[in-house]
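Hello,

Here is the structure I promised to pass on. Please open it first, then read my notes below.

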Amino acid sequence: MTLNSLSTYGTAFQVKVLSSLLTHKEFLQGIHDVLSEEYFDNAAHKWVIKNILDYYEKYHTVPTMEVLKVEMKKVENEVLQLSIKVQLR
């Protein structure tokens, strides 16, 4: 069995994965090479995962909330931007 989506585990699980990625560098180090934004259903979750992974690939550390806020302001779609802001809380 291969994992194509985390939707079977529910939204709460997906939020916990995002939270863990932002707060536990060891967790991010362990799964960054197998994690993909495609595993998430929510567009805001996909955006957060993509930015976490991109930042990690470039700087080899977890992005701060300030970094994500700056990147979020670059999003042109206001609905997506609001959704991202809610998810980051």
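Start with one crossing: α3 passes α4 in a right-handed crossing (the near helix is turned clockwise from the far one by less than a right angle). The contact, meaning heavy atoms within 4.5 Å, involves W47, N51 and Y55 of α3. From α4 come V67, L68, E71 and M72. By class, that is 5 nonpolar, 1 polar and 1 charged residues (nonpolar: Ala, Val, Leu, Ile, Met, Phe, Trp, Tyr, Cys and Pro; charged: Asp, Glu, Lys and Arg; polar: the others, Gly among them).

This is a predicted model: local features need pLDDT of at least 70, side-chain atom pairs pLDDT 80 or more, while totals for chains, interfaces and linings use all residues. Residues are numbered from 1 along each chain as its sequence is written, and side-chain values use heavy atoms, without hydrogens and water.

Now the geometry. Helix α3 covers residues 43-59 and helix α4 residues 65-72. They pack at about 120°, with axes 11 Å apart. That makes α3 oblique to α4 (oblique is what remains after under 35 degrees, roughly parallel; over 145, roughly antiparallel; and 65 to 115, roughly perpendicular).

Next, helix α5, residues 78-88. Its axis and that of α3 come within 9 Å and cross at roughly 70°. So α3 is roughly perpendicular to α5. A43, A44, H45, W47 and V48 of α3 touch L80, S83, I84, Q87 and L88 of α5. This contact has 7 nonpolar, 3 polar and no charged residues.

Last, K50 lies in helix α3. Its C-alpha atom is 7.6 Å from that of S36, 14 residues apart along the chain.

Best wishes

Terms used:
Axes fitted to C-alpha atoms, helices over the stretch in contact; angles between N-to-C directions. Helix = DSSP H or I, 4+ residues; strand = E, 2+ residues; numbered from the N terminus.
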